[in-house]
Amino acid sequence: MRFHSPPSPRDPSIHSSKGPSMRLSQYFLPILRENPKEAEIVSHRLMLRAGMVRQSSAGIYSWLPLGHKVLMNIQRIVEEEQDRAGAIQMLMPTIQSADLWRASGRYDDYGKEMLRITDRHGRDMLYGPTNEEQITEIFRNSVKSYKDLPRNLYHIQWKFRDEIRPRFGVMRGREFLMKDAYSFDLTAKDGRHSYQKMFAAYLRTYERMGLKAIPMAAETGPIGGDMSHEFIILADTGESEVFCHRDLIEMQAPPADLDFNADLTPLVSRWTDKYAATIEMHEPERFEREVPEDKRIAARGIEVGHIFFFGDKYSDPMGCRVQGPDGAQLTVQSGSYGIGVSRLAGAIIEASHDEDGIIWPESVAPFKVGLINLKAGDAGTDGACEDLYGKLQKAGIEVLYDDTSERAGAKFSTMDLIGLPWQLVIGPRGVKNGEAEIKNRRTGEKQSLSFEESLNLLTAPAQG
RNA sequence: CGGGGCAUGGCGCAGUCUGGUAGCGCACCUGCUUUGGGAGCAGGGGGUCGCAAGUUCGAAUCUUGCUGCCCCGACCA
């Protein structure tokens, strides 16, 4: 860490819609030049080296400023797409009462993965690994009529599962941030529509993060049927083997103006007609029969979401019923829909990096632009940088301005490591000609442009 | 939970076998020279050697117990 320049007064106008821009000399960005030995996979290494997270204990992490910004950007996309699909946001607690879980019968079933706690009165509590019981109780106590169905409620909250072996950094932590949604319908048929809404929302969510997530058939448990899918992104470091049809990789997510109230069966069928399965569900004969040889993909994948329809699994034992139009008591039909928000931060890096560091998609990048002053203290570069920094902020662009007195090479490699989509490089040579060098982190392409042209390029609509 | 490994300054490591009171690179501080892809020289600061007990004149080093962390496997968002 360096804190070179004297602090300058903070201008409230620097706050853009996504968050404040920053001078590196005043930021908290503890980067590591060498790889911590405990980190084996690339996303874990890069998150530690880029100063995004620090491990607190096995599978439990603090999110440092840079990582926190990414996490919040991912969360925001998840929220926007859940809202678009008609789900309603709320927030449930992390600590739950054991009695709630005894009611569904899961208190004894869940095993050692559940972190059990006793409060000062000797009451059994637990740190929630998920919230089916809690939401079912809330819903049961508040909803009595079929007229209040369907509903889909979601929250984004920290969960805890005491994994036997946490690993891969935030991809397989014990404490993790998860979006979980719960649908409530009168019939299984209606439940299918709720399920399909989430299916479509998930496709959009991952696409917005620059990911190609493929829905794959997952185990459905006692309910059976075709109502459970895992969303998997392909990555060499994925934890499980997956098999799918190559065409799925080319398919487009549904558009922003998708009508979620329309019949979504054709949409979902387009995605599920083609073979895609994790190793657990893999049927080699069917794979070979249905998928031409040149279209077969056998790869590794990271699960970034899981949707599941479970009918009355919780509503029946917990007595979650509504009165139907004919006066009969009907047991509510439910599904749950998870997205691993903190895991996605790691998964995106697994899918998008090179030997120099992270390559953020613009939608989740902690800052859009890294402004590099190659000669801090030089009147020419300082002046040009201050001007560009101010103008970018006014345009609502998030900038990380490297105003430190590090050497050029160190600044370049730091920017490459933290993976901001654009680097705007200001050096004495360029300033003489009124030019900046602008580098695209993903393509590596560099071009010299006038300050004006640079600003135009960076303030143009996002290009992903 | 089975198997393997590690624990010495913020990070990476040497020193442990053969006990003698801690060292290297990076990072950090000061000065000078440098300055477009991880600079050079000089001078500095920082470590209960994971914890506890034991052996010994003396323990990072030997013994015993404990703890934490990592990797492989079975399980999971």
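Buried, in what follows, means under 20% relative accessible area, exposed means over 50%, and partly exposed is what lies in between (1.4 Å probe, protein chains only). Helices (H or I, at least four residues) and strands (E, at least two) are DSSP runs, numbered from the N terminus. You are looking at a predicted model, in which local features need pLDDT of at least 70, side-chain atom pairs count only at pLDDT 80 or more, and totals for chains, interfaces and linings use all residues. Side-chain values use heavy atoms, leaving out hydrogens and water, while residues are numbered from 1 along each chain as its sequence is written and chains are lettered from A, with ligands numbered from 1, in the order in which they are written.

How confident is the predictor? The pLDDT, its confidence in each residue from 0 to 100, averages 92 for chain A, and 94% of the residues score at least 70. Over residues 1-17 the pLDDT is below 50, and this stretch has 27 contacts in the model beyond near neighbours in sequence; a contact means heavy atoms within 4.5 Å. For the complex, the predictor gives an ipTM of 0.93 and a pTM of 0.95.

Back at β10, the strand pairs with β11 in the antiparallel sense over 5 bridges; two strands pair if DSSP finds at least two bridges between them. One bridge to follow on screen joins A217 to its partner H229 in β11. A217 turns up again among the residues touched by T278, together with M216, E230, I232, E241 and V242, not counting residues up to four places away in sequence. T278 itself sits in strand β13 (residues 276-278) and is buried, with a relative accessible area of 1%. Its side chain makes a polar contact with the side chain of E280 at 2.8 Å. Such a contact is a pair of N or O atoms within 3.5 Å; within protein, one must be able to donate a hydrogen and the other to accept it, and residues adjacent in sequence count only if both atoms are side-chain atoms.

Rings of Phe, Tyr and Trp (its six-membered ring) pair if their centres lie within 6.5 Å; planes under 30 degrees apart count as stacked, over 60 as edge-to-face and the rest as tilted. By this rule the count comes to 14 aromatic pairs. In one of them, the rings of Y195 and Y337 have centres 6.3 Å apart and planes at 55°, so the pair is tilted. Y195 lies in helix α6 and Y337 in strand β17 (residues 333-340), so this pair ties together parts that are 142 residues apart in sequence. Y195 is buried at 2% relative accessible area, and Y337 is buried at 0%. Y206 and F231 form another tilted pair, 5.8 Å centre to centre with 35° between the planes. Here Y206 in helix α6 is linked to F231 in strand β11, 25 residues apart. Ring pairs also link F199, Y202, Y206 and F231 into a cluster.

A salt bridge is a side-chain nitrogen of Lys or Arg within 4 Å of a carboxyl oxygen of Asp or Glu, and a search of the whole structure finds 28 of them. In one, the side chains of R208 and E81 meet at 2.9 Å, N to O. R208 lies in helix α6 (residues 188-208) and E81 in helix α2 (residues 65-84), so the pair ties together parts that are 127 residues apart in sequence. R208 is partly exposed, with a relative accessible area of 27%, whereas E81 is buried at 0%. Both belong to a network of salt bridges that links R76, E80, E81, R84, R204 and R208.

Two more places are worth a visit. P129, in the loop between β7 (124-127) and α5 (132-142), is buried at 0% relative accessibility. P129 and M114 are 15 residues apart in sequence, with their C-alpha atoms 6.5 Å apart in space. Finally, 10 of the 11 residues of helix α10 (residues 341-351) are buried, so this helix is largely enclosed by the rest of the structure.

Notes:
pLDDT = per-residue confidence, 0-100.
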